[in-house]
Amino acid sequence: MEYQHIIDAVMKENEALSALALKMYENPETAYNEVKACAWMCEALEHYGFKVEKGPYGMPTAIRAEWGSGHPVIGLLAEYDALPGLSQTQNTFKDPAVAGGPGQGCGHNLLGVATLAAAIGMKADLEKSGLPGTVVFYGCPAEEVLTGKAFMAREGAFRELDLAFAWHGGSKNHVGLGMGGGLNSAIFHFKGKTAHASAAWNGRSALDAVELMNSGANYLREHMTPNSRIHYVYKEAGVAPNIVPDRASVWYYVRSLRRRDIDELYGRLVDCGRGAAIMTGTERESEFQGGCYNTMSNKGIADGSAAGYRMVPAAQYTEEELAMADALNRTMPEFEVKKPEEPIHTGFLYNPNEYHISPGSSDVGDVEHIVPGIMVNTASQNYLGVNHTWQTTCCSGNGIGFKGMMRGGVWMALAAAKFFRDKELVDKAWETFKKDMDGEVYECPIPKEVPIPQPQQ
Ligand SMILES: [Zn+2]
């Protein structure tokens with residue numbers, strides 16, 4: 001087969017790459033604290049012959065590594081942050097390895113290493129074929145708080161690319177078309193005046209302000225576009241019922257399908273806060289946490305990637321892995337309704353005419369508004385697996401996850417091989433991109449004055 005050398009180059013590293021993913025599973029680090037993962041990824045990239053820059057864009061846990069020269073310049077988007085509270089052992093019941101500790105509940109250990117696997121395959125392909133082309137590997141911190149890539153973009157990343165590839169583990173082998181929501185994240189702080197809650201009348205409750213702001217926000221729901229979402233949690237709400245709280249704060253996410261809709265809805269939410277402060281005689285301050293664009297899969301790259309998938313070798317699962325996936329499926333709430341036909345998905349889903357709206361967000365959307373990009377998925381968990389659960393943490397630390405990860409790496413490298421060989425495919429992706437952008441120009445949703453979070457360890 002024309003592309004066998006790519007598959008061989010990646011699969012030769014199966015043991016080393018699975019060991020690296022296991023090390024990251026055993027040492028989960030949350031957003032912006034990916035110090036060890038970043039160091040291990042840099043070491044590996046250097047070992048495989050890439051020119052590595054650790055901590056570019058003012059972000060200590062980011063990476064920019066490259067190999068090759070000339071066009072097309074193909075970017076790979078790696079992530080390696082874990083989720084708080086999702087620590088899990090290799091048991092098929094909820095059993096944190098560290099009580100309350102972080103865990104790879106979205107499989108970003110697999111994501112980082114799958115992307116490295118793709119980089120190895122792409123380099124091997126360019127070396128063997130002698131074709132022009134550059135591989136740029138971006139280590140992107142903090143996807144789980146949806147701001148890492150936006151900060152990187154603000155500091156100049158991604159514009160050098162012709163195309164960008166991302167992979168994410170999931171329950172299906174799949175490339176999807178359509179969009180996922182973008183968002184703004186902000187904490188609203190209110191400052192009032194404390195007093196005895198029963199014996200005095202001169203207090204000004206910051207908590208009242210938060211509650212009135214939330215009432216206003218909840219009344220927006222009838223008047224926002226159907227794909228918009230508003231969620232909030234209280235960050236601070238007073239200490240005792242008999243003390244008028246002089247400080248209270250609420251953390252909001254505002255999501256919508258296009259940046260302009262997010263900005264409009266966010267503006268109305270800010271007005272709710274302003275109104276609440278006036279009504280309660282309190283002061284208000286908003287602390288903008290960050291934001292990201294909606295995702296926007298590029299059909300030109302999706303078509304090329306789907307063709308690449310057909311060459312990816314099938315996964316060979318052991319009896320033990322199949323039994324574990326089956327046991328995990330039985331723990332999923334929808335098991336009785338959606339009885340899976342197999343413990344782990346082995347088919348392939350791509351419909352070039354079907355567009356989906358996804359409720360979730362990813363900061364890959366920012367990159368997809370700068371250059372044409374795609375995210376592909378391979379099965380790296382049980383058939384009914386859902387990201388951000390202990391079941392996914394479990395799969396991210398064993399052969400189920402590692403096999404999906406290696407297949408994801410092989411797939412991206414095979415897909416890239418098509419674009420290295422056919423410039424027209426790259427042009428087609430750009431035509432689609434311009435049409436999808438519909439005149440929109442990427443502007444980083446995080447203002448210049450918002451500082452880049454630094455590691456806390
Ligand atoms: Zn994720």
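Before anything else I noted that helices (H or I, at least four residues) and strands (E, at least two) are DSSP runs, numbered from the N terminus. The model I am reading is predicted, so I kept in mind that local features need pLDDT of at least 70 and side-chain atom pairs count only at pLDDT 80 or more, while totals for chains, interfaces and linings use all residues. Residues are numbered from 1 along each chain as its sequence is written, and side-chain values use heavy atoms, with hydrogens and water left out.

**Entry: pockets**

I looked up the open spaces, where a pocket, on a 1 Å grid over the protein atoms alone, is an open set of points with protein on both sides within 12 Å along at least five of seven lines, and lining residues have an atom within 4 Å of a point. Grid points are joined across faces, edges and corners, and a volume is the space filled by probe spheres set on the points.

The second largest pocket has a volume of about 510 Å³, and of its 22 lining residues I found Y32, V145, W251, Q289 and P453 nearest the centre. At least two lining residues come from each of β8 (182–191), β10 and β11 (283–292), and β11 gives the largest share, four residues. I sorted residues by class, with Ala, Val, Leu, Ile, Met, Phe, Trp, Tyr, Cys and Pro as nonpolar, Asp, Glu, Lys and Arg as charged, and the others, Gly among them, as polar; this lining then has 14 nonpolar, five polar and three charged residues.

The largest pocket has a volume of about 1500 Å³. It is lined by 49 residues, and S358, G360, M375, N377 and N387 are the closest to its centre. Among the elements that give two or more residues to this lining are β5 (163–170), β9 (229–236), β10 (247–256) and β14 (373–379). By class, I read 19 nonpolar, 22 polar and eight charged residues for the lining of the largest pocket.

**Entry: cavity**

The structure holds one cavity of 30 Å³ or more, and the largest cavity has a volume of about 30 Å³. Its lining is made by C106, G107, L110, G169, S380, Q381, N387, T392 and S396, of which two are nonpolar, seven polar and none charged.

**Entry: zinc site**

Which atoms coordinate the zinc ion? I found C106 (SG), H108 (NE2) and H168 (NE2), at 2.1 to 2.2 Å, where donors are N, O and S atoms within 2.8 Å of the metal (3.2 Å for Na, K and Ca), and sites may look incomplete because water is not among the atoms. Along the chain the donors follow the spacing C-x1-H-x59-H. C106, in the loop between β3 (73–79) and α4 (108–129), and H168, in strand β5, are 62 residues apart, and this pair links distant parts of the chain.

**Entry: backbone**

Most residues other than glycine have a negative phi, and most peptide bonds are trans. I noted a cis peptide bond between H71 and P72, with omega about -5 degrees, and P72 lies in the loop between β2 (63–69) and β3. F158, although not a glycine, has a positive phi of about 80 degrees, and I located F158 in the loop between α5 (148–154) and β5.

Note on methods: 1 Å grid on protein atoms, 1.4 Å probe; cavity = no way out; pocket = protein on both sides within 12 Å on 5 of 7 lines; lining within 4 Å.
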